[in-house]
Structure formats: C-alpha cells, structure tokens
Amino acid sequence: MRRRLKGHTMKHSEKGFTLIELMIVVAIIGILAAIAVPMYLDYAVRGQIAEGIDLASGAKTAVAEYFQENGTFPADNAEAALADPTDIEGKYVTSVTVAGNVVTMLYGNDANAKISGETLTMTASDDIGSVSWVCASGGVIEAKHLPTACR
C-alpha cells in the first residue's frame, strides 16, 4: 500500500518474522538443547559422586591415623572411631563404610538413577610408612562420571 505525503511516496511494509525464519530459530534451539541437556546431566552426576568423596575424606583420615598408630588397618567404622556407616550420609550418599583398608561409599537417596545403588571404593595401602589411596568404581559407574583419580 502506498501513501502520498507532500510529494513523497512511502512503502508500508509488514513487520515480523517469516515462517522459515521462525523454523530456523526453532531448529537451532533444538540442536543446542540436544547437546546441552546430556552434558548437564553428566555434570550433575559427577557432582553427586563428588559428595561421596567429600564424605569419605573423614573416613580416609581416620583410617590413615589408625594405621599410623597401630600398624594395621581398622576392621570397621567403630574401630576407626567413626560413626555407624548409615550415620555418615548426604543427599546422594546413603553410607560410608570402613572395612579394613577399604572405604566404601554407597550412593542412593536422591542420587541419579545412573549411580543409585552403586558403590565407589577408596583402597588404602602401606606406602613405606605412609598411606596411599586408590579409587575404583564397583564396575557399573561410567568412567565419564568418575573423578580423574578414579578412572
């Protein structure tokens, strides 16, 4: 539609997006979401596993101190002067158990289904008077979710 104003011709144009432009935007958002959501879920699982490692740090210290004082590893939580396994819990961890030179974290509660019911272990060894630790999965937790030290 053209209008004449004082000798000038003006074009009246439509404003907005065409259907193809909107479809392109929706496709781009879909692609970004398809990439971002799985990455976020992996990040969340790694964070949940990190909670277990944090909770186990107290048990690792208690086991190392017991070993330094006695020359052997404690048989259980009580001998390591720790609370009962189920009393050491978090949002994603149901228990932290000491059994000899092994500290085991059991995931549950609000943990992601990928790790719920699974375990992560920290195994101590005598390293010529000091204690060194090796981390391992119970076999089911995917390597991409484990901390670098546990892979």
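Tutor: A salt bridge is a side-chain nitrogen of Lys or Arg within 4 Å of a carboxyl oxygen of Asp or Glu. In this predicted model, there are 3 salt bridges.

Student: Why is the pair Lys114 and Asp42 called a salt bridge?

Tutor: The closest N and O atoms of Lys114 and Asp42 are 3.8 Å apart. The cut-off is within 4 Å, so the pair counts as a salt bridge. This pair links distant parts of the chain, 72 residues apart: Lys114 is in the loop between strands S4 and S5, and Asp42 is in helix H1.

Student: Why is Asp42 called buried?

Tutor: Asp42 has 13% relative accessibility.

Student: What makes Lys144 and Asp42 a salt bridge?

Tutor: Their N to O distance is 3.4 Å, and the definition asks for within 4 Å, so Lys144 and Asp42 qualify. Glu142 and Lys144 also meet in a salt bridge, at 3.8 Å.

Student: Which residues do the shared partners join into one network?

Tutor: Salt bridges that share partners join Asp42, Lys114, Glu142 and Lys144.

Student: How do you know that Leu32 is exposed?

Tutor: Leu32 has 54% relative accessibility. Exposed means over 50%, so Leu32 counts as exposed.

Note on methods:
Residues are numbered from 1 along each chain as its sequence is written. This is a predicted model: local features need pLDDT of at least 70, side-chain atom pairs count only at pLDDT 80 or more; totals for chains, interfaces and linings use all residues. Side-chain values use heavy atoms; hydrogens and water are left out. Buried means under 20% relative accessible area, exposed over 50%, partly exposed in between (1.4 Å probe, protein chains only). Helices (H or I, at least four residues) and strands (E, at least two) are DSSP runs, numbered from the N terminus.
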